[in-house]
Amino acid sequence: MSTILAIDTSTEACSVALLYCNEITHDFKISARDHTKQILPMIDNILKQSNCSLSQIDAIAFGQGPGSFTGVRIGIGVAQGLALGIDKPMIGVSTLMTLAQGAYRTNNATHVLAAIDARMNEVYLGQYRYEHNQWQALIPECVIAPKCVFDKVKNLSSDTYSAGTGWQTYPDMINNIKQSDILLPHAQDLVVLAQQKWQNNEWVSVGDVEPTYLRNEVTWKKLPGR
């Protein structure tokens with residue numbers, strides 16, 4: 001039975017969850033500008049509430065993006081510091097897939113279009129289908145103009161749900177899509193995905209952690225001569 005601490009600060013939400021003794025304890029706050037002040041006390045409170053110490057944790061899971069550049073870096077930095085201190089591995093989980101898992105939890109959604117407002121008239125987009133007890137990505141995660149979303153998605157069905165802040169900002173990206181109750185990623189959903197990764201040995205050492213930025217990749221590809 002695994003014990004996993006999950007941290008997400010990739011958006012304006014600050015979220016922590018602990019999977020311990022097969023139960024999930026979690027905390028969630030909207031904290032747009034003070035993630036660094038909120039996250040460590042939240043972690044401490046969750047551990048105390050569950051009567052669990054850091055030394056009992058098997059792995060530290062984190063939201064690896066896409067999302068706010070600063071938010072992703074804060075979450076990874078805190079997770080790396082904790083993992084290094086207890087000499088434990090780390091598990092990176094997609095922010096967009098975490099949104100899909102949230103829609104599954106709240107709306108029993110098995111087909112989800114997750115979109116996060118990426119500013120600059122773009123969204124981070126992911127499309128997922130839940131089958132065989134796990135999520136399948138139908139398209140690669142991308143940063144995209146809202147007007148191009150409809151042409152990007154595949155096999156859009158009548159039971160597709162939206163998740164994420166992108167749909168608040170650009171509600172007309174796709175008409176008549178069902179709305180889930182999930183706007184921001186929750187660590188209680190991240191830790192569920194992290195547990196699956198842990199069981200599949202999909203973890204990394206502290207030094208091998210890589211964030212997902214997406215926009216950096218797009219900028220790089222547009223450089224002259226590349």
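## Basis of the description

The structure is a predicted model, in which local features need pLDDT of at least 70 and side-chain atom pairs count only at pLDDT 80 or more, while totals for chains, interfaces and linings use all residues. Residues are numbered from 1 along each chain as its sequence is written, and side-chain values use heavy atoms, with hydrogens and water left out.

## Helix 1 and helix 2

Helix 1 covers residues 35–49 and helix 2 covers residues 69–86; helices (H or I, at least four residues) and strands (E, at least two) are DSSP runs, numbered from the N terminus. The axes of the two helices come within 11 Å and cross at roughly 40°. Axes here are lines fitted to C-alpha atoms, for helices over the stretch in contact, and angles run from 0 to 180 degrees between N-to-C directions. Helix 1 and helix 2 are therefore oblique to each other, given that angles under 35 degrees count as roughly parallel, over 145 as roughly antiparallel, 65 to 115 as roughly perpendicular and the rest as oblique.

On the helix 1 side, the contact (heavy atoms within 4.5 Å) involves His35, Thr36, Ile39, Leu40 and Ile43, which meet Ile74, Val78 and Leu82 of helix 2. By class, the residues of this contact are 6 nonpolar, 2 polar and no charged. In this scheme Ala, Val, Leu, Ile, Met, Phe, Trp, Tyr, Cys and Pro count as nonpolar, Asp, Glu, Lys and Arg as charged, and the others, Gly among them, as polar.

## Helix 3 and helix 6

The axes of helix 3 and helix 6 lie 8 Å apart, and the two helices pack at an angle of about 105°. Helix 3 and helix 6 are therefore roughly perpendicular to each other.

Met97, Thr98, Gln101, Gly102 and Arg105 of helix 3 are in contact with Gln188, Asp189, Leu190, Val192 and Leu193 of helix 6. This contact has 4 nonpolar, 4 polar and 2 charged residues.

## Salt bridges

Side chains of opposite charge can pair when their charged atoms come close. A salt bridge is a side-chain nitrogen of Lys or Arg within 4 Å of a carboxyl oxygen of Asp or Glu, and the count by this rule is 4. One of them joins Asp189 and Arg105, at 2.6 Å from N to O. This pair links distant parts of the chain, with Asp189 in helix 6 (residues 187–199) and Arg105 in helix 3 (residues 95–107), 84 residues apart. Asp189 is buried at 2% relative accessible area, and Arg105 is partly exposed at 38%; buried means under 20%, exposed over 50%, and partly exposed in between (1.4 Å probe, protein chains only).

Within helix 1, Lys48 and Asp44 are 4 residues apart, about one turn of the helix, and their side chains form a salt bridge of 3.2 Å, N to O. Lys48 is exposed at 56% relative accessibility, while Asp44 is partly exposed at 36%. Arg119 also forms a salt bridge, with Asp117, the closest N and O atoms being 3.1 Å apart. Arg119 counts as exposed, at 57%, and Asp117 as buried, at 15%.

## Gly164

Gly164 lies in the loop between strand 10 (161–163) and helix 5 (166–169). This glycine is buried, with 2% relative accessibility. Leaving aside neighbours within four places in sequence, Gly164 contacts Leu99, Ala115, Ile182 and Leu183. The C-alpha atoms of Gly164 and Pro185 are separated by 7.8 Å, although the two residues are 21 residues apart along the chain.
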